[in-house]
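Here's a quick tour of a model you can follow on screen. Have a look at the fold first, then read on.

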Amino acid sequence: MTGPVLSIRDLSVEIPTRAGVVKPVDGVSYDIGRGEILGVVGESGAGKSMAGNAVIGLLNPPAHISAGEIWLEGARIDPLQGEAMRRLRGKEIGMVFQDPLTSLNPLLKIGDQLTETILTHLPVSREEAERRAIAALDEVGIPGAAQRIDSYPHEFSGGMRQRVVIALALCAEPSLIIADEPTTALDVSVQAQIIALLRRLCRDRGTAVMLITHDMGVIAEAADRVAVMYAGRLAELGPVREVLTRPQHPYTDGLMASTPLASQARNRLHQIPGSMPRLTDLPDGCAFHPRCPLVQAQCRQNPHPNIGKGRAACWFPLIERAAE
Amino acid sequence: MLAFIIRRVGQSILVLLIVGLVAFSMFRFIGDPIDNMLGQERTMEDVERLRAQLGLDQPFPVQYFRFLEGAVQGNFGVSYRQGRPVAEIILERAPATLELALVSGIFAVVLGIALGVFTAIRRQGIGANVIMAASLIGVSLPTFLIGILLIYLFSVELGWLPSFGRGQTVMIGENWSTGFLTESGLKALILPAITLGLYQMTLIMRLVRSEMLEVLRQDYIRFARARGLKDRAVYFRHALKNTMVPVVTVIGLQIGSIIAFAIITETVFQWPGVGLLFINAIQFVDIPVMAAYLMLISVMFVGINLIVDILYVFIDPRLRVDRAGAH
């Protein structure tokens, strides 16, 4: 099949609160192709995880999808409820969580957690499921997989546990993986291994990956394209090299300037002044304008910009300013 | 693991010795058994003779030691009131209490866990809220009142179930009389079993509910859902198992108290078990019976708690490592 694996169109998520309805995700659109890794980056509360949860149908009520469409492999999945959505989870969409120490059930052997997932989704015998469980552990680089199948989660280190989590997410061979901060809780040395593993598995299988992170370094290393989110909206979307080296949105630019790079012997890091507005209290116009170093009158008056012909949702993308 | 069990058995024996000591010292204050045993027309010689015969003229530590000496050999002395060996009397009464405790224990555990899971899963539902409100009654009403209300409703008004006794019993082997095999025996079990188990049932239910709500918030439950596991697997395989350590603790304690507090239910329903025997023994200052009963109850408590401690290790693999000292 051609066309993107995942296609999100104008997705909005709403949460009714006492202070009014907030929109942690507001009109977001992006596609992820086969074997492609899309990095979704932004500060805490930018809506990047919320969008991932909306795709896999795990929004915590009262949060709900209020507008937009989600298409997976050419089929619309956002109206699916209950049992139909459950069949999709694990089978078509796998998910990897942030903390491998808490995402495995401490009382069940990892082999049982794997076979249980395989048997839920695939029409195979128990013996075949166990064989596949060992193969899955082997594939994510667990040494002595056949013996470790009877181990409990606490018998693994953090990095090994995240490998087990990835094996669990991939064992029913989904076409899309949502990895929500998969390396944040790990040691730096282990982070690179996990990223490399994720990349290799997705290349080999043609799995699409939504890699949610706040870490620009992880994005630079792993992603093919990057979606920058700010206050529930897309700020910039494009190929990772271009976005990182020539950001068009002032927010992306600020984000890049405030990312520490070992190669650059900077004394002081740049800071973006202020903080992201609360969702109950969004400013008129562009949500970023109170913090934008290049703000103009139009940014305050006009409604929030959409991504037009360029990559950035900005009235005055940096590329044009450079050209002037 | 073996060292752990040996250590716990050692502690258990110490607890039993202390319970025996406390119980024994209390008996000195509840009256003189001689008064009840001899009639009005007694002489001082009779009293002294009987006192010496029963060993009650001995100092307290000697009495206690003699009691222990006999108890270890299964000899709890002779009942002052019935003139028969205490062990024999208790064995005769024990099946009634144990059968009652078994049925109400199963009632409390099975229904308590089932309702606890139900009210946790359907937290917002009408059914769950009705059950939660009703469970307050179970927690707050005293046992004897529940028994009397049940008797009034099902025996007096509706006439469906007997209000007292065990119904017909059948002997299994030499000394086990069971009510499980006759219709009247089973009918007679229902009301006392509910009365005895209702408090424990509501307690277990409320505990399971709050533990479930806590566990359902955990990441591994979210991950289990994200893997598309069926609700049944998520709730019972992943969530319920993780609530079991605290729940098993409480169930252990509660089963102990079901046996111990059968006294009240047995009194209300005139159930011919060891609890009723104990009440009668107190009225008569029948020290050997009381001492044997208390020891029996504490052996059960301690035994159940020992089993609970061992169960932890089966439930939670992390404890196996810690016990072995690998970390």
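Two strands count as paired if DSSP finds at least two bridges between them. Helices (H or I, at least four residues) and strands (E, at least two) are DSSP runs, numbered from the N terminus. In this predicted model, which needs pLDDT of at least 70 for local features and 80 or more for side-chain atom pairs, totals for chains, interfaces and linings use all residues. Residues are numbered from 1 along each chain as its sequence is written, with chains lettered from A and ligands numbered from 1 in the order in which they are written.

Now the sheet: chain A has four strands in an open, antiparallel arrangement, ordered E2-E1-E4-E5. E2 (20-32) and E5 (75-76) of chain A sit at the edges with a single partner strand each, so one side of each has no neighbour in the sheet. Strand E1 (residues 6-17) of chain A is joined to E2(A) by eight bridges, running antiparallel. Look for Ser7(A), which faces Asp31(A) in E2(A).

## Chain A as a whole

Chain A has 12 helices and 10 strands. Its C-alpha trace spans about 65 × 50 × 40 Å along the principal axes.

Counting residues as in contact if their C-beta atoms, placed from the backbone, lie within 7 Å, chain A brings 24 residues and chain B brings 20 residues. Helices H2 (82-88) and H3 (110-121) of chain A each supply at least two residues of the side touching chain B, and H3(A) gives the most, with four residues.

Conventions: Two residues are in contact if their C-beta atoms, placed from the backbone, lie within 7 Å.
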